[in-house]
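Hi,

Here is the structure I promised to send over. Have a look at it first, and then read on for my notes.

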Amino acid sequence: MIALLIPWFGMPAHAEELPENEVSYKLGDGLRFTLDEGRHTFRIGGFVQPSWQPTFADGDVEQILVPKRTQFVVDGSLEDDRILFEVLTDFSLQQPLLNAWVGVRVGRALTVSAGQKPNPANLREMLFNEGYLSFPERSLLSQAFSETGREFGLFADVEIPLGNALVRPSFAVTSGDGRNSFGVDSRDVDLGGFKYGGRLDLLPLGDFAEGNRGFVTDVAHESRPRLALGGAVSFNDGASAPNGEGHGEFELFDADGNPQLPGYTKLNADLVVKWQGLSLLGEYVNTTASRLPGSFTDPVGGNPLVTGQISEFLVLGSGINAQVGYFFDFGLGIDLRYSTLLSEFDQETSQLRDTTATGAVITAFVQDHDLKFQLAGSRVQAGDFDPFVVAELLAHLRF
């Protein structure tokens, strides 16, 4: 199919009528078509991550050898970057669609988009594509308080320069039911109300270097310190999944047997620092539930929701994640990570349990994030359970 497309895009049918088009390929950038003298671009790419993961617990060893991620992307822009689009899939998932959106630039400062994409009101790490993570897996914090971070709705991103500094507000109104939020088919309607969220990022020392954004590792060895401070908040007006990013995983009712889903609020604060190969990521999250009085766990009103029982349905509590790393100029990166979760209610049935995780990873960057190899290990201690250790050897190729 691609072989048929290349000559069609690469050579105009009537040279006297159509401007010259170009076709190029670069490892990590994919197959790129440039049309109408650069006014339109169209790219096909993706990446694969074969992974070997042994887990050590209670003296036993379990081994997994899988293609951890197999992402395929089609994206581009039209009319000199005024219209943007992306379709991103991961065929290692049962439901492969991750992103599917169209955006419009309004002036230089505002971009408005609609569709399914990462919600900016999530933790900082959840805004990074899986191919740019410092560790093979997201942190304990991200895994507890998010799924994929992607939701269906309307999004607005603003960039305001203030001298050398930058201010980046972002806003989102989504379905509140996570990705593919309308269930198994069109008859499975959206549950609860909308989810409202926003993020404010401040870069007081200026933007990161070109090609050094969208991840933590300082591959560009920033010559001057760079800092991104962020805060985000979201309110899900009727959550039906433990972390407010899912669909129909539990039900609650009012006294008349009508659905009465709880409100779910999430507060995030984070920072990223990069300078001369050194990088730091810090994150904090806190979640609370509302609209609980008069709720019942069955439609006949026989079992009222009691104090603390909401933690059986929602991930409630707080957590921190801290990650520090260094990127050597010969292509080797070392990162250390510490994460801890604190449950709001200390009971065995809570969705969130007190948990601590420490981890380390060595990454060999053959060509930045386009071709790399990682060896990682982590130790997880959850409540009174015995700790377990997870190791992972991962290869990453962006084509």
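This is a predicted model: local features need pLDDT of at least 70, side-chain atom pairs count only at pLDDT 80 or more; totals for chains, interfaces and linings use all residues.

Residues are numbered from 1 along each chain as its sequence is written, and side-chain values use heavy atoms, with hydrogens and water left out.

**Cores**

Leu-341 is among the residues with the most contacts inside the largest nonpolar core, together with Phe-145, Tyr-264, Ile-310 and Leu-314. That core has 22 residues. Its largest share, four residues, comes from helix α2 (residues 140-145). A second, separate core of nine residues includes Leu-133, Leu-166, Phe-208 and Val-216. A nonpolar core here is a set of buried Ala, Val, Leu, Ile, Met, Phe, Trp, Tyr and Cys residues joined through side-chain atoms within 4.5 Å. Buried means under 20% relative accessible area, exposed over 50%, and partly exposed in between (1.4 Å probe, protein chains only). Helices (H or I, at least four residues) and strands (E, at least two) are DSSP runs, numbered from the N terminus.

**Two buried polar residues**

Lys-195 lies in strand β11 (residues 195-203) and counts as buried because its relative accessibility is 3%. Its side chain makes a polar contact with the side chain of Glu-151 (2.9 Å). A polar contact is a pair of N or O atoms within 3.5 Å; within protein, one must be able to donate a hydrogen and the other to accept it, and residues adjacent in sequence count only if both atoms are side-chain atoms. Lys-195 and Ser-175 are 20 residues apart in sequence, with 5.9 Å between their C-alpha atoms.

Gln-323, in strand β15 (residues 317-327), is buried too, at 2% relative accessibility. The side chain of Gln-323 makes a polar contact with that of Ser-134 (3.1 Å).

**Salt bridges**

The whole structure holds 24 salt bridges, each a side-chain nitrogen of Lys or Arg within 4 Å of a carboxyl oxygen of Asp or Glu. In the one between Asp-36 and Arg-39, the closest N and O atoms are 2.8 Å apart. Asp-36 is partly exposed at 24% relative accessibility, and Arg-39 is partly exposed at 27%. Both belong to a network of salt bridges that also links Glu-79, Asp-80 and Arg-82.

Arg-398 pairs with Asp-370 in a salt bridge at 3.7 Å. Arg-398 lies in strand β19 (residues 388-398) and Asp-370 in the loop between β17 (355-367) and β18 (371-382), so the pair ties together parts that are 28 residues apart in sequence. Arg-398 and Asp-370 are both buried.

**Surface**

Finally, Tyr-25, Val-48, Phe-72, Phe-91, Leu-397 and Phe-399 form a nonpolar surface patch with about 550 Å² of accessible area together. Patches are made of residues with over 30% relative accessible area and no salt bridge; like charges are joined within 9 Å, nonpolar side chains (Val, Leu, Ile, Met, Phe, Trp, Tyr) within 5 Å. Areas come from the Shrake-Rupley method with a 1.4 Å probe, and for residues only the protein chains shown count as cover. Phe-91, in the loop between β5 (83-90) and β6 (97-106), is exposed, with a relative accessible area of 56%.

Best wishes
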